[in-house]
Amino acid sequence: MNAWSEWDHIVKVDPDKTLYEDETFEDVAATGTDAIMVGGTLGMTEEKMAEYVEGCIEGTRGHDIPVYIEPSSAGVVVHPDGLDGYLVPIVFNAGDIAWVTGAHKEWVRMDGDIQWDVTHTEAYIVLNEEASVAEYTQADCTLDAADVAAYAEVAEQMFGQDIVYVEYSGTLGDPEIVGAAHDALDEATLFYGGGVHDYDSAFEMGQHSDVVVVGDLVHDAGCAAVRETVEGVTAANN
Ligand SMILES: CC(C)=CCC/C(C)=C/CC/C(C)=C/CC/C(C)=C/COP(=O)(O)OP(=O)(O)O
Ligand SMILES: O=P(O)(O)OC[C@@H](O)CO
Ligand SMILES: [Mg+2]
């Protein structure tokens, strides 16, 4: 069974942002989250990625929390010891095929150290037109619930994707749309991310998805706020 089938909550840390006040990666690991993902769109460099990933690996020692890299481009992928794996986005509603197969082809050409046994893909559906990721990938964010459900089904049934990721980065999504994606999946796991900031928003999105991803909150409000979202998601799943 894939690791993420057991997860309810992920913290996504962005190497272009600092942790809240004097918090540490160990504090992040102690929030009760199930996994840490390292990724971001803007201002990413290999150095920042390497430093952050090392910090996460160090901070999760003693906590049973896996660390995954979620690369936004080929140039930021690093291969440190102790990393659990790679979750590589494929943007199903991208306006440019570069974000479906092009960047991936370039990565495979240039990276001689890809560990395929721990490299998995995520079928992204990007829905907040204001987010950098939407601009970056020229995503079509005008989709309705039926469109999103159909993309989710295409991803699982035609492209064999194990993870579908409904991405509202920066804003809380439409529960009806998230739920439509969830209902469209058979075995695949639905990740939801965007704007989750407290118990209630986590509870709501937890009811419409399998795994809730919390990003900006860890940088802007810190681990106490993240812990509340863990509680909300846990309540939604029980
Ligand atoms: C082939 C390789 C190794 C990489 C390409 C992977 C692809 C297709 C990336 C496309 C962009 C994407 C889906 C990145 C995932 C990370 C993500 C969604 C970060 C959040 O983005 P924003 O919140 O919009 O950006 P900032 O937080 O940086 O403003
Ligand atoms: O930063 P937020 O809005 O929590 O979004 C989480 C994640 O889906 C971003 O890729
Ligand atoms: Mg962001």
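Q: Hi! Of the 25 residues around ligand 1, which come nearest?
A: Hello! This is a predicted model, and in it T41, L42, S132, V133 and S169 come nearest to ligand 1, out of 25 residues around it.

Q: Nice. Which backbone atoms have an oxygen atom of ligand 1 at 2.9 Å or 2.8 Å?
A: There are two to look at. A polar backbone atom of L42 is 2.9 Å from an oxygen atom of ligand 1, and a backbone N or O atom of V133 lies 2.8 Å from an oxygen atom of ligand 1.

Q: And how much of the accessible area of ligand 1 does the protein cover?
A: Taken on its own, ligand 1 has 740 Å² of accessible area, and the protein covers 94% of that.

Q: What about side chains? How far is K17 from an oxygen atom of ligand 1?
A: An N or O atom in the side chain of K17 is 3.4 Å from an oxygen atom of ligand 1.

Q: Which element gives the most to the shell around ligand 1?
A: That's α4, with four residues. Each of β4 (85–91), α3 (102–110) and α4 (132–137) supplies at least two residues of this shell.

Q: How does that shell split by class?
A: Around ligand 1 there are 13 nonpolar, eight polar and four charged residues.

Q: Let's switch to ligand 2. What surrounds it?
A: The residues around ligand 2 include K12, Y165, E167, S169 and D216, along with glycines such as G193, G194 and G195. By class, its shell has three nonpolar, six polar and three charged residues.

Q: Which strands supply at least two residues each of the shell around ligand 2?
A: Those are β6 (163–167) and β8 (211–214).

Q: Which backbone atoms lie 2.7 Å or 2.9 Å from an oxygen atom of ligand 2?
A: For G170, a backbone N or O atom lies 2.7 Å from an oxygen atom of ligand 2; for G215, the distance is 2.9 Å. A polar backbone atom of D216 is 2.8 Å from an oxygen atom of ligand 2.

Q: How much of ligand 2 does the protein bury?
A: The protein buries 92% of the 300 Å² that ligand 2 exposes when taken alone.

Q: Last topic: which residues does the UniProt annotation "binding site" cover?
A: In the unreviewed UniProt entry, that annotation covers D14 and T41. The lining of the largest pocket includes D14 and T41.

Q: Where is D14?
A: D14 is in the loop between β1 (9–13) and α1 (25–29).

Note on methods
Residues are numbered from 1 along each chain as its sequence is written. Chains are lettered from A and ligands numbered from 1 in the order in which they are written. This is a predicted model: local features need pLDDT of at least 70, side-chain atom pairs count only at pLDDT 80 or more; totals for chains, interfaces and linings use all residues. Side-chain values use heavy atoms; hydrogens and water are left out. A residue is near a molecule or strand if one of its heavy atoms lies within 4 Å of it. A polar contact is a pair of N or O atoms within 3.5 Å; within protein, one must be able to donate a hydrogen and the other to accept it, and residues adjacent in sequence count only if both atoms are side-chain atoms. Accessible areas come from the Shrake-Rupley method with a 1.4 Å probe; for residues, only the protein chains shown count as cover. Ala, Val, Leu, Ile, Met, Phe, Trp, Tyr, Cys and Pro count as nonpolar, Asp, Glu, Lys and Arg as charged, and the others, Gly among them, as polar. UniProt positions are given in the numbering used here, feature names are shortened, and annotations may be inferred rather than shown by experiment. On a 1 Å grid over the protein atoms alone, a cavity is a set of points where a 1.4 Å probe fits but cannot get out, and a pocket is an open set with protein on both sides within 12 Å along at least five of seven lines; lining residues have an atom within 4 Å of a point.
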